[in-house]
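Please look over the sequence and the model before reading on. The paragraphs that follow start with a term and then turn to one pair of helices.

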Amino acid sequence: MEQNRRQRKSSHGKRRRARNRYGVKVAALFASAAVVGLAGVFAIAKIAQKSPAREEVQGGAHKLPEELTEVEKQETQGMEELQPETRSVLRQSTETGDASEPQSETGSGLQQSSEPGSQPQQPAETGTAALLQPEAGTVLDTSAMTDMEIARYFFSQELTDSVFARINGISYKENENIGREELCYLRVLHVDLDGQTRVGELIVNQRIAQDVLEILEELYANAYPIEKMVLIDAYGADDNASMADNNSSAFNYRVIAGTDKLSNHSLGLAIDINPKYNPYVRAGADGAVIIEPEGSEAYADREADFPYKIEEGDLCHRLFLEHGFTWGGSWKSSKDYQHFEKK
Ligand SMILES: [Zn+2]
């Protein structure tokens with residue numbers, strides 16, 4: 001419990017950072033407005049230099065609109081246009097909806113579209129909603145897509161009402177350890193063994209959302225095969241069923257199999273990748289070896305050669321470790337080859 005309290009505390013910190021990050025963006029917009037304003041002042045100053053009656057023109061900073069020069073009018077308009085837009089961005093982000101988070105906040109390649117100066121445009125919003133259209137698991141034809149377009153498919157959101165409705169009472173249960181607001185919904189792309197691009201989705205703790213996005217983007221860029229990535233709720237939050245279907249997943253409020261201890265999946269801090277081929281191997285109460293899920297017994301032999309196998313030093317293992325995760329395949333008392341977690 002102590003640990004959970006700590007985790008909650010630091011995830012509150014994360015939320016503060018997230019807000020701060022947004023604050024920075026708003027500040028940047030106002031800074032842009034200030035630059036436009038300064039440019040206006042500069043233009044006035046330049047005019048003033050040319051003018052014989054300098055003091056009089058400088059006083060023009062307080063002129064009525066009809067007295068402004070053409071240049072001044074344009075600059076002033078620029079400022080007026082920027083402010084409502086800033087307000088509208090703020091409003092969109094605080095009202096929770098399917099497109100609650102502007103794409104430019106995802107930290108993926110989308111950042112380029114929101115450099116200070118390039119004003120956040122409305123299409124970013126409709127874009128996010130559109131990107132939520134293809135159901136996870138869908139094959140996506142990326143042949144005509146640019147890298148930028150592909151990067152748009154990697155983003156995180158707060159749990160919207162529609163996502164929460166999918167998990168409430170299934171993988172999410174009323175509890176004292178993790179709140180809805182501490183979790184993130186991720187949309188990603190992954191490549192299956194046939195080389196097809198598929199839409200994936202994952203729910204993780206906010207604290208690791210950025211790490212997981214970066215890892216999955218890198219895996220995608222290298223065509224590292226992941227067969228399936230849909231919410232575990234599609235299996236009624238039944239971990240065995242999800243694993244047996246080789247579905248990669250993260251958040252699931254549950255105890256560790258064979259114990260009454262809360263799993264790190266309960267906090268959204270653990271991810272299982274290609275679980276059928278990377279089983280959980282442990283000793284049962286009678287000393288017998290238990291291999292989960294059922295049907296993955298052959299894959300407990302880590303010397304054997306088969307697809308989707310996670311090995312020490314391979315790209316998947318390396319990326320997770322680089323991002324501060326530990327691997328269940330390195331555990332001493334049991335082996336959970338599919339499992340990566342970060343505390
Ligand atoms: Zn796991």
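A crossing is called left-handed if the near helix is turned anticlockwise from the far one by less than a right angle, and right-handed if it is turned clockwise. Helices (H or I, at least four residues) and strands (E, at least two) are DSSP runs, numbered from the N terminus. In these terms, helix 7 and helix 9 make a right-handed crossing. The model is a predicted one, in which local features need pLDDT of at least 70 and side-chain atom pairs count only at pLDDT 80 or more, while totals for chains, interfaces and linings use all residues. Residues are numbered from 1 along each chain as its sequence is written.

The axes of helix 7 and helix 9, lines fitted to C-alpha atoms over the stretch in contact, lie 10 Å apart and form an angle of about 155 degrees, on a scale that runs from 0 to 180 degrees between N-to-C directions. That makes the two helices roughly antiparallel, a term for angles over 145 degrees. Ile215, Glu218 and Leu219 of helix 7 meet Leu315, Cys316, Leu319 and Phe320 of helix 9, where a contact requires C-beta atoms, placed from the backbone, within 7 Å.

Within helix 9, which spans residues 315–322, Cys316, Leu319 and Phe320 are buried, that is, each has 20 or more other C-beta atoms within 10 Å of its own. They cover an arc of only 95 degrees around the axis, which puts them on the same side of helix 9; the arc is that of the directions from the helix axis to the C-beta atoms. The cover over these buried residues includes helix 7 (206–221), strand 8 (326–327) and strand 10 (339–341).

Note on methods:
Buried ≥ 20, exposed ≤ 12 C-beta atoms within 10 Å, placed from the backbone. Contact = placed C-beta atoms within 7 Å. Parallel < 35°, antiparallel > 145°, perpendicular 65-115°, else oblique.
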